[in-house]
Amino acid sequence: MTVSKLAAWFISIISAAVLMVVLLLTVIEQSAMDLDFYQSEYAKLDTAKEIGMSEQELQQTTVELLAYIQGERADLNIRAVINGQERPVFNQKEMTHMVDVQRLYTVSQTVRNLGMAGLLLLLILLRLLTRKEYWRFWARGYLLGAALFICVFGIIGFVISRDFLAFWNQFHAVIFTNDLWLLDPATDILIQMVPEQFFYDLVVRILTLFAGAIIAFIIPAAGIMTRRSVK
């Protein structure tokens, strides 16, 4: 095998990995920012009653919270009637934690956007190296990358099914450098809005949509390889 073909195989696999990272970050963003999902979960978990807020104020608070994460609101100084008393919705610890969440969201967007640009460059380079064999290299590289990601996320899915709380705590310990995410369900409205069950449903949704996105690319890639095998 020539050096150019070895380079082409390497680039095809790397481009597949970059594509899947882009897909994953896109799915996470779309799921985490989907107001309809929040409303569905609030109805399922009877969140407004648990907190002591009206459904209207809970929805408005969520709108403002998501706007803050996306950089469309300067702060989280939000007031609402909770258990019959008007008060700030979030305390200082919750607001400080959300600074970290907003920063994480910004980093995720940056990585995704850079990934999209990098993916385009990789595909152009792959095209230059392979020419007429471009689709064969792309398809095989994607299938290899998809197999790796499916194995990794299959393991994650298994871990979640066994002990979601342990997985979720470890996830937070890895991505945050402080313990501000350890909120008190008895006093902190933020964790009352999005309790463990909410995050479990969110993670399951993300994994399901991500798996669907991977399969959407597996089908044409497998078709390309099958047609070439028949020939």
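At 51% relative accessibility, Glu86 in this predicted model counts as exposed, because the cut-off for that word is over 50%. Glu86 has a charged partner: Arg79 forms a salt bridge with it, and the closest N and O atoms of the two are 3.4 Å apart. Side chains of opposite charge can pair when their charged atoms come close. A search through the whole structure turns up nine salt bridges.

Another of these pairs is Lys5 with Glu133, where the closest N and O atoms lie 3.9 Å apart. This pair links distant parts of the chain, since Lys5 sits in helix H1 and Glu133 in the loop between H5 and H6, 128 residues apart. Lys5 is partly exposed, with a relative accessible area of 33%. Glu133 is also given as partly exposed, at 25%. Through salt bridges that share partners, Lys5, Glu133 and Arg136 are joined into one network.

The closest N and O atoms of Glu29 and Arg112 are 2.5 Å apart.

Thr208 and Val27 are 181 residues apart in sequence, while their C-alpha atoms are 9.7 Å apart in space. Thr208 lies in helix H9 and is exposed, with a relative accessible area of 52%.

The surface also carries a nonpolar patch, formed by Leu120, Leu121, Ile124, Leu125, Leu128 and Leu129. Together these residues have about 560 Å² of accessible area. Ile124, one of the members of the patch, lies in helix H5. With a relative accessible area of 44%, Ile124 is partly exposed.

The next topic is empty space. Rolling a probe the size of a water molecule over the atoms shows where empty space is left. The largest pocket holds about 1400 Å³ of space. Of the 42 residues that line it, the closest to its centre are Trp168, Phe171, His172, Ile175 and Phe199. Which helices each supply at least two residues of this lining? They are helix H1 (3-32), helix H4 (55-69), helix H5 (92-130), helix H6 (134-162), helix H7 (164-175), helix H8 (189-193) and helix H9 (196-230). Sorted by class, the lining of the largest pocket has 35 nonpolar, five polar and two charged residues.

The second largest pocket contains about 180 Å³ of space. Its lining consists of Gln39, Tyr42, Ala43, Asp46, Thr47, Ala48, Glu55, Leu58 and Gln59. Helix H2 (35-45), helix H3 (47-51) and H4 each supply at least two of the lining residues. By class, the lining of the second largest pocket has four nonpolar, three polar and two charged residues. Helix H4 therefore has a place in the account of both pockets, because each lining takes at least two residues from that DSSP run.

Notes: Residues are numbered from 1 along each chain as its sequence is written. This is a predicted model: local features need pLDDT of at least 70, side-chain atom pairs count only at pLDDT 80 or more; totals for chains, interfaces and linings use all residues. Side-chain values use heavy atoms; hydrogens and water are left out. On a 1 Å grid over the protein atoms alone, a cavity is a set of points where a 1.4 Å probe fits but cannot get out, and a pocket is an open set with protein on both sides within 12 Å along at least five of seven lines; lining residues have an atom within 4 Å of a point. Grid points are joined across faces, edges and corners, and a volume is the space filled by probe spheres set on the points. Helices (H or I, at least four residues) and strands (E, at least two) are DSSP runs, numbered from the N terminus. Ala, Val, Leu, Ile, Met, Phe, Trp, Tyr, Cys and Pro count as nonpolar, Asp, Glu, Lys and Arg as charged, and the others, Gly among them, as polar. Patches are made of residues with over 30% relative accessible area and no salt bridge: like charges are joined within 9 Å, nonpolar side chains (Val, Leu, Ile, Met, Phe, Trp, Tyr) within 5 Å. Accessible areas come from the Shrake-Rupley method with a 1.4 Å probe; for residues, only the protein chains shown count as cover. A salt bridge is a side-chain nitrogen of Lys or Arg within 4 Å of a carboxyl oxygen of Asp or Glu. Buried means under 20% relative accessible area, exposed over 50%, partly exposed in between (1.4 Å probe, protein chains only).
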